[in-house]
Amino acid sequence: MIPKESQPDSKGHFGIYGGRYVGETLMPAILELEKAYVDICGKPEFIRELKDLFTHYVGRPTPLYYAKRLSEHLGGAAIYLKREDLAHTGAHKINNTLGQALLARWMGKSKLIAETGAGQHGVATATTAALFGMECQVFMGVEDIRRQAPNVQRMKLLGATVIPVDSGTGTLKDAMNEAMRYWVGAVTDTFYVIGSVAGPHPYPVMVRDFQKVIGEEARKQILEDAGRLPDLLVACVGGGSNAMGLFYPFLNDNVAITGVEAAGKGIETGKHAATIGHGNVGVLHGSKSYVLQNDDGQIMEAHSISAGLDYPGVGPEHSYLNDLKRVRYESIRDDQALMALQSLCRFEGIIPALESSHALAHAMDCAKNMDKDKIILVNLSGRGDKDLGTVFSVLNDL
Amino acid sequence: MNRIDKTFATLKDKGEKALVGFVSAGDPDPEKSLKLISAMCDGGLDILELGIPFSDPTADGPVIQRSSARALKSGTRLSTVLDMSRELRKKTEIPIILFSYYNPIHYYGPEKFCRDAQDAGADGVLVVDLPPEESQELTRFFDKDRFSIIRLVAPTTSEARMQTISDTASGFIYLVSKTGVTGSDGLDTREISSLCGRLKSLTDLPVCIGFGISTAEDVAAIARVADGVVIGSAFERMIENNFDNPELCSILYQKVREYKKATL
């Protein structure tokens, strides 16, 4: 069990993880951001405005849904789904972009930049920018642009500029590199909306705080619905924002928690994104955390069928929770995620995102081996419309 | 006195400014890279920044990104760069600064790195993404008067931060000429002069200016206000454009001479 005061230290360290590992040009901006964030959190009008947007724009609270047919089919524990896929823009990412954009406005910055993998954070940032009348540029790897085409179109329609990144493998890591490079040159008037609980302090804390509404709602909902807390929480972990958002309000409860990383084509093939499970401690994108790297400290390419999990790093708080053994980290392969995706479609009429399907696959495995009176709560972090191209290209190959 | 302090003292006596050259070690391969760097030293480089290549150089523009990628592709490892430093040290007394992102050093082990770097004849280290707030985990393994920790000051740095940075640095301060990645254009010499003046009023350490300096005219303008001029992308661009040119060594040699003349 982790202590109630499990906040990072004044420099953003969760144990040995986190911190601020950035070039000097960005340091003053990050310190300014931290100060502004602390200030804004004390403003009742900010809290009120964000809450109002959550209710009337995002559609919060999102439902907690008991997946009865799926649970009965598996014959074990009851599976509840926290329906973040029903949030406006189709994923949890909007919770965070609204919070950060309000902060940007408070700081007098009218230009937003973001990195995106699956495109959900890019869409959420583009949406928020449109809502607030801000300029928006989204950095996205060319490989992700290819496999998440519908989200690219959505961003363009929303008025954002999508900047293709062709360095490295053209995925999330490279998009984040390029966003950071752009920010170095534009730091005086541009706000960098990071989409995960990664990056230099205060991003990991700030993003978790904007996402913790997921867990707060889910906790209340399950108590109302089932009359008790769940036995197990499950969420997928790329950088880990939806997972931190769900887990955080439960950390002091007697509830088992599992984060699910992407095992890609299988851990033994080396083509995976299981950063905590199979990486080691390093420094990437401004913080210290587990990282996939080779024996010379060079960052390795991750692999996952899901663009949102295809990242060789992970948020520092996850690394910390792993070392404390408060959260277990497991992994699910591409094919297992695809199977889970299809099961949810057939049994519940819900098309989940490939990212969320990793969490679902693990939960389904667990459910089978648990008694019927047990409860598993899964964060269904996003909807799967964006993934249809990928899903059909794989299914047609089978 | 260490090699860096000695170099600045000698230059001061002669009324010269330092020409600092950055090269990605191992570009295009370790053997050729060593030859190119030797030619640059012969041309009159005052200080060498030997870049340890990294897969994700987020503070670098496209030219140094490509040079770093070529070095990695040719098999350059952190230990290769230390070997290169050792080789160079056999022939020259030029101060060598290892220029790196933190992850390769973190993986190698900060304590081992500091020991091995000094054994290999290096004189200091500059870690782009290790601000003073985090650098204790590296600096506690060496005596900063013997092995220098070069720190960056940027146009965004406040005066209070400049003071903290100066107080914990050694060797010299690297003043970033503009907000942007390496190799960006749009050098504003007037702006940078006033920034350099402010910084120099806060520290006795020499101040070298880098980022976006590519012509002899730029060098001359910067040399009027700073104690040294750092050139990186311009050298890397020359290397990139002349891979197969048998004259590459002499091209770099000549270019160093031209830049050096502009610092006088």
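Let's start with His285(A), which sits in the loop between strand 12 (280–284) and strand 13 (287–291) of chain A. Helices and strands here are DSSP runs numbered from the N terminus, helices being H or I with at least four residues and strands E with at least two. His285(A) is not a glycine, yet its phi is positive, about 50°.

Before I go on: this is a predicted model, where local features need pLDDT of at least 70, side-chain atom pairs count only at pLDDT 80 or more, and totals for chains, interfaces and linings use all residues. Residues are numbered from 1 along each chain as its sequence is written, chains are lettered from A and ligands numbered from 1 in the order in which they are written, and side-chain values use heavy atoms, with hydrogens and water left out.

Next, cis peptide bonds. In chain A, the bond from Arg60(A) to Pro61(A) is cis, with omega near -5°. Pro61(A) is in the loop between helix 2 (44–58) and strand 3 (64–66) of chain A. Over in chain B, Asp27(B) and Pro28(B) are joined by a cis bond with omega about 0°, and Pro28(B) belongs to the loop between strand 1 (18–24) and helix 2 (30–42) of chain B.

Now, how do the two chains meet? Chain B puts 35 residues into the contact and chain A 34, contact meaning heavy atoms within 4.5 Å. Together they bury about 2800 Å², 50% of it on carbon and sulfur atoms; that's the accessible area (1.4 Å probe) that two parts lose on being put together, summed over both.

What about charges? There are four salt bridges across the interface of chain B and chain A, each a side-chain nitrogen of Lys or Arg within 4 Å of a carboxyl oxygen of Asp or Glu. Arg77(B) makes a salt bridge with Asp295(A), with the closest N and O atoms 3.0 Å apart. On the side of chain B that touches chain A, helix 3 (62–73), helix 5 (102–108), strand 6 (151–153) and helix 8 (159–168) of chain B each supply at least two residues. Helix 5 of chain B gives the largest share, five residues.

Last stop, inside chain A. The axes of helix 1 (residues 27–41) and helix 4 (residues 93–106) of chain A come within 10 Å and cross at roughly 105°. Axes are lines fitted to C-alpha atoms, for helices over the stretch in contact, and angles run from 0 to 180 degrees between N-to-C directions. So these two helices of chain A are roughly perpendicular to each other, a label covering 65 to 115 degrees (under 35 is roughly parallel, over 145 roughly antiparallel, the rest oblique). Among the residues making that contact are Leu33(A) and Tyr37(A) of helix 1 and Trp106(A) of helix 4 of chain A.
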